Amino acid sequence: GEEIIADIFESMHDLYFLRDAYEGADFVIALALDKMHCKLGIAQLYDINRREFVVAHAVGPTAEGALGNRISEHDPLIVEIMNRRLPFLIDGTDARVNLGRWKNLGGEPRSIPACAVAQGGRFLGILELAHTDGEGAFRKADVDAMAYIAQSFAEFVARTGLLFGSETKLMPR
């Protein structure tokens with residue numbers, strides 16, 4: 001358990017050399033998937049002006065279809081993630097999982113560690129990973145690692161800022 005956190009701690013320093021929140025989202029999801037041996041992951045950034053979370057990076061069978069999707073801050077699963085703030089596990093059979101972003105991502109998530117990305121009470125995003133059948137279970141160390149990743153990502157996003165494109169364009173690059 002301590003090994004995963006040590007590995008992630010060493011790797012997270014590279015985050016601070018990236019250009020923007022979108023590159024950061026790519027980085028943190030890739031790192032989390034690698035260290036926690038997952039095949040599905042989603043990083044969402046919070047567009048406070050529209051009160052929606054935007055899928056900034058996704059990994060899964062139909063990830064391209066998920067990118068740029070917007071989810072209302074009133075989505076029941078989003079509300080729970082925001083209220084809990086600390087990472088927690090969601091059962092893939094939860095009816096809320098079969099809606100929106102997970103449906104667009106493809107695959108069949110069985111266990112999902114979800115974590116709010118926030119700093120000083122300000123929501124900046126959400127990180128979610130998922131195991132599918134046969135990938136095993138998440139350990140407490142994995143959930144702790146998600147908390148560390150989300151905290152580091154929140155610091156990075158707060159420092160670099162968030163910039164959203166038009167409704168038809170996800171981001172200015």
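1. The areas come from the Shrake-Rupley method, and for residues only the protein chains shown count as cover. V157 sits in helix α6. Between V157 and D144 there are 20 Å in space, C-alpha to C-alpha, at a separation of 13 residues in sequence.

2. Basis of the values. This is a predicted model, in which local features need pLDDT of at least 70 and side-chain atom pairs count only at pLDDT 80 or more, while totals for chains, interfaces and linings use all residues. Residues are numbered from 1 along each chain as its sequence is written, and side-chain values use heavy atoms, with hydrogens and water left out. Helices (H or I, at least four residues) and strands (E, at least two) are DSSP runs, numbered from the N terminus.

3. Nonpolar core. A core is a set of buried Ala, Val, Leu, Ile, Met, Phe, Trp, Tyr and Cys residues joined through side-chain atoms within 4.5 Å. The largest one holds 33 residues, and M36, L127, L129 and F153 have the most contacts inside it. Two or more residues each are given by α1, α2, β1 (40-47), β5 (111-119), β6 (122-130) and α6 (140-160). Helix α2 supplies the largest share, 10 residues. In soluble globular proteins, nonpolar side chains tend to be buried together.

4. Salt bridges. The criterion is a side-chain nitrogen of Lys or Arg within 4 Å of a carboxyl oxygen of Asp or Glu, and the count by this rule is 13. D47, R50, E52 and R70 are linked in a network of such bridges.

5. R51 and E73. The closest N and O atoms of this salt bridge are 3.0 Å apart. E73 is in the loop between β3 (70-72) and α4 (76-84) and R51 in the loop between β1 and β2 (52-59), so the pair ties together parts that are 22 residues apart in sequence. E73 is buried at a relative accessible area of 8%, whereas R51 is partly exposed at 46%.

6. R101 and its partners. R101 forms a salt bridge with D75, the closest N and O atoms being 3.9 Å apart. This pair links distant parts of the chain, with D75 in the loop between β3 and α4 and R101 in helix α5 (residues 100-105), 26 residues apart. Relative accessibility is 17% for D75, which counts as buried, and 3% for R101, also buried. R101 also meets E128 in a salt bridge of 2.8 Å, N to O. E128 lies in strand β6, 27 residues from R101, and both residues are buried.

7. Negative patch. E2, E3, D7, E10 and D34 form a surface patch of negative charge. Patch members have over 30% relative accessible area and no salt bridge; like charges are joined within 9 Å, nonpolar side chains (Val, Leu, Ile, Met, Phe, Trp, Tyr) within 5 Å. Asp and Glu count as negative, Lys and Arg as positive, with His and the chain ends not counted; the charge is placed at NZ of Lys, CZ of Arg, CG of Asp or CD of Glu. Helix α1 (residues 2-12) gives the largest share, four residues. D34 is in helix α2 (residues 21-36) and is partly exposed at 49% relative accessibility.

8. Backbone. H37, a residue other than glycine, has a positive phi near 55 degrees. H37 is in the loop between α2 and β1 and is exposed at 60% relative accessibility. R51 is not a glycine either, and its phi is positive at about 55 degrees.

Terms used:
Areas by Shrake-Rupley, 256 points an atom, 1.4 Å probe, with all protein chains shown as cover. Buried < 20%, exposed > 50% of the residue type's maximum accessible area, 1.4 Å probe, protein only.
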